[in-house]
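Please read this report with the sequence and the model open side by side.

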Amino acid sequence: MPTTPSPVVTPVHDRAAWDALVRELGGHPLQLWGWGEVKATGPWRAHRLHVTAADRTVGAAQVLVRRLPFPFRALSYVPRGPAVAPTDPTAAAGYGVGDEAMRSAVAQAVVSWCRANVGGVGVSFEPDWPEGTSLPLTGAVPGDQPILLPSTIVLDLTQSADELMAAMSRTTRADVRSGGREVEIRRVTDEAEVRAVLEVYRETAQHAGFALHSPEYYLSIHRELGDASVVVAAFHEGRPCSFVWDVMSGATAFELYGGVNDAGRKARANAPVKWFAVRLAQDAGLLRYDVNGLLNDGVSTFKRSFAKHEDQLVGTVDVPFSPLYRLWVQAVPLAKRVLRTLRRH
């Protein structure tokens, strides 16, 4: 196994330089600068770390830091990162996996930076890597409080449109071919129309019984991610009735949200809307379309209808910094139960 020179971590403070680095490495869209700014509208603060060795870029990680109540102090979190360069400098970056030595060196450098500059209970990684991808890290333990689900479906956008269609269920394929006839499907960029799309999301949440952020949170995604934020909607009689909201980087489209109202269900607009988004990602030269998590619910049943396979990512990897880490992990489920109870009242 080739040896990796000792890495150096340099914080990046320039948006354009950071996003160019993430795209160069094939990093995930949740590693883009704008996503860190979105999370900073809430309890998180973003740090962007450029990792080099022998004056060569070997990786990058956007670290989100959340302040916690005393005595826990803080938690560091790397969503779908780090991005790691290929061992061969002339090779294509792919989607930021690298080899085992490079992954270990980059992640260990991020851990060391977080330990020295943030402290608190520890750091959690949720890499965008397939299950079985090794990540040797001193003191690492499997995390049992994931933020992003490791079970998902990743569509291979290097396949042809016909190949992607062939993998769909018969009903979904039929809806893609005929379900858009009663609606207009297009990308939404105007903020007023984004607000109208959010009304569809509000109706979806009421119908399905889940909680939403404030409208301003979603609008901050539209503003901060810019061209990387891709909202596709179906319009019936001039109003949105179904939508999917993706974020895109150099290699990956990642589905954030989706919704449909009664008019969209009647028009069977969901499948053609998602297919339109997949084709936009494919036309942009991206390699992968990640549906962002699978559960045992109706939404996941719909997602599964687009492929004959499922994908498993490596899951959450935690590196504790303190004996308080275990106490914090035990406290999180209790806090979630309390919040759910409060919301019901």
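The sections below cover the basis of the model, the sheet, its helices, the aromatic pairs and the charges over rings.

## Basis

The model is predicted: local features need pLDDT of at least 70, side-chain atom pairs count only at pLDDT 80 or more, and totals for chains, interfaces and linings use all residues. Residues are numbered from 1 along each chain as its sequence is written, and side-chain values use heavy atoms, with hydrogens and water left out.

## The sheet

An open sheet of six strands has the order β9-β14-β13-β12-β11-β10, with mixed pairing. Strands (E, at least two residues) and helices (H or I, at least four residues) are DSSP runs numbered from the N terminus; two strands pair if DSSP finds at least two bridges between them. At the edges are β9 (154–156) and β10 (184–188), each pairing on one side only. On average, neighbouring strands of this sheet are turned by 25 degrees against each other, direction ignored.

Seven bridges join β12 and β13 in the antiparallel sense. Ser242 has Val260 in β13 as its bridge partner.

## Helices on the sheet

Helix α7 (residues 215–225) lies across β11 (229–236), β12 and β13, and runs at about 55 degrees to β12. Helix α9 (residues 270–283) packs on the sheet and touches β9, β10, β11, β12, β13 and β14 (288–290), with its direction at about 30 degrees to that of β12. Contact means heavy atoms within 4.5 Å. Axes are lines fitted to C-alpha atoms, for helices over the stretch in contact, and angles run from 0 to 180 degrees between N-to-C directions.

## Aromatic pairs

Rings of Phe, Tyr and Trp (its six-membered ring) pair if their centres lie within 6.5 Å; planes under 30 degrees apart count as stacked, over 60 as edge-to-face and the rest as tilted. By this rule there are ten aromatic pairs. Tyr217 and Tyr218 make an edge-to-face pair, 5.5 Å centre to centre with 90 degrees between the planes. Both Tyr217 and Tyr218 are buried (under 20% relative accessible area; exposed is over 50%, partly exposed in between; 1.4 Å probe, protein chains only).

Trp245 and Tyr257 are also edge-to-face, at 6.0 Å centre to centre and 85 degrees between the planes. This pair links distant parts of the chain, twelve residues apart: Trp245 is in strand β12 (residues 239–248) and Tyr257 in strand β13 (residues 252–260). Trp245 counts as buried because its relative accessibility is 1%, and Tyr257 because its value is 13%. One aromatic cluster is formed by Tyr201, Phe210, Tyr217, Tyr218, Phe243, Trp245 and Tyr257.

## Charges over rings

A charge sits over a ring if NZ of Lys or CZ of Arg is within 6 Å of the ring centre and within 35 degrees of the ring normal. Arg103 lies over the face of Trp129, 5.8 Å from the ring centre. Lys274 lies over the face of Phe306, 5.7 Å from the ring centre.
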